[in-house]
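I opened my notebook to go through this model one look-up at a time. Here is what I wrote down.

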Amino acid sequence: MIRLITMDFGVYSTKELLQRGFSTWQIRREADNGVLVALRRGWYATATADPDVVTAVRLGGVLGCVSALRKHKLWVPPGYERVHTRPTRDGELKSARACVGFGRPPAALTAVDPIPVALLHAAKCMRAEHWIATCDSALNSAGLTVSRMASEIGPSARRISSLLDKCDPDSQSGTESITRVRLRAHGFAVVVQPSISGVGRTDLRIGRLLIECDSVQHHTSLESYHNDRRRDRRALVDGWLTLRITYDDVLYGWEAVLADIRAITRPDRHRRRERP
């Protein structure tokens, strides 16, 4: 399985505690002493356990779907802030807002679903482009191919297969992923992470139009500021056009961005031309 699933959130099943070397007597003693808190039958938490995970297990399930993906430190867009709880075979979920995936719920191996299981359920909770961006983040973080991710997720619905077909492990950010998906949906031939001589890698390319999806985290340092300008200058000298867009542009101002891209591409200004 993907390595990223091995994270500790302070909530354990009895089976996990036994695997960690506890005996049944020790588990009962620690619960009586208050070191472990019983959340429901067969599940315990430490005093410092993650509150979202505690909530999910107390409700009768495990933390899954979008909430689990966020706990695994994957890129997740805004709009999915509530605690997403997945029902399990051994639990009786006390919430009408449970996340239901495809097929029978898998057994709960940990209090936080592993990435493949979380992605499987998130496909019903997230918008398609958001799911693709988060899956891109998982692929890139774990160094996996799309086919390997498909095998990790296992047999699934046609919807999952169609979404996976649109994923790309080379994508470096969520905004880049969403931009790629939207532009391809509009018929643009988008190249991901092309290497441009003298410039280096850029996020996306349409003909000779280079699209950079800038984030506050990676583009506001003085070093990045100077490097971005140097790259843009070199690109312009070599006949490339550079368009820089931000997180807010993509998520909240997309129509204006698309209009600008069309203004460049409609008169074929973006097409690569050989120098005489």
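**Entry 1: the whole chain**

Among contacts in the protein chain between residues at least 6 apart in sequence, what percentage join residues at least 24 apart? I looked it up, and the share is 61%. Contact here means heavy atoms within 4.5 Å.

I noted that this is a predicted model, where local features need pLDDT of at least 70, side-chain atom pairs count only at pLDDT 80 or more, and totals for chains, interfaces and linings use all residues. Residues are numbered from 1 along each chain as its sequence is written, and side-chain values use heavy atoms, with hydrogens and water left out.

I found 13 helices and 11 strands in the protein chain. Both are DSSP runs numbered from the N terminus: helices are H or I with at least four residues, strands are E with at least two.

Of the 276 residues, 46% are buried. Buried means under 20% relative accessible area, exposed means over 50%, and partly exposed lies in between (1.4 Å probe, protein chains only).

**Entry 2: helix H13**

I turned to H13, which runs over residues 254–265. Its 12 residues reach 16 Å from first C-alpha to last, close to the 16 Å expected at 1.5 Å a residue. The expected span is 1.5 Å times one less than the number of residues.

Which residues of H13 are buried? They are Trp-254, Val-257, Leu-258, Ile-261, Ile-264 and Thr-265. They sit on the same side of H13, because they cover an arc of only 120° around the axis. That arc is taken from the directions from the helix axis to the C-beta atoms.

The buried residues of H13 pack against several elements, among them helix H12 (247–252) and strands E10 (209–214) and E11 (241–246).

**Entry 3: strand E11**

E10 and E11 pair in the parallel sense over 6 bridges; two strands pair if DSSP finds at least two bridges between them. I checked one partner: Leu-209 is bridged to Leu-241 in E11.

**Entry 4: cysteines**

How many disulfides does the structure hold? I counted 0. A disulfide is a pair of cysteine sulfur atoms within 2.5 Å.

For Cys-99, the closest cysteine sulfur is in Cys-125 at 3.7 Å, too far for a bond. For Cys-167, the closest is in Cys-135 at 3.8 Å, again too far for a bond. Cys-99 is buried at 1% relative accessible area, and Cys-167 counts as buried at 9%.

I found Ala-49 in the loop between strand E3 (43–45) and helix H3 (51–58). Its C-alpha is 4.1 Å from that of Gly-10, 39 residues apart along the chain. Ala-49 is buried, at 12% relative accessible area.

Most residues other than glycine have a negative phi. Cys-65, in helix H4 (residues 65–71), has a positive phi of about 55°. Gln-193 also has a positive phi, near 50°, and lies in the loop between strands E6 (191–192) and E7 (195–196). Cys-65 is buried at 0%, and Gln-193 is buried at 10%.
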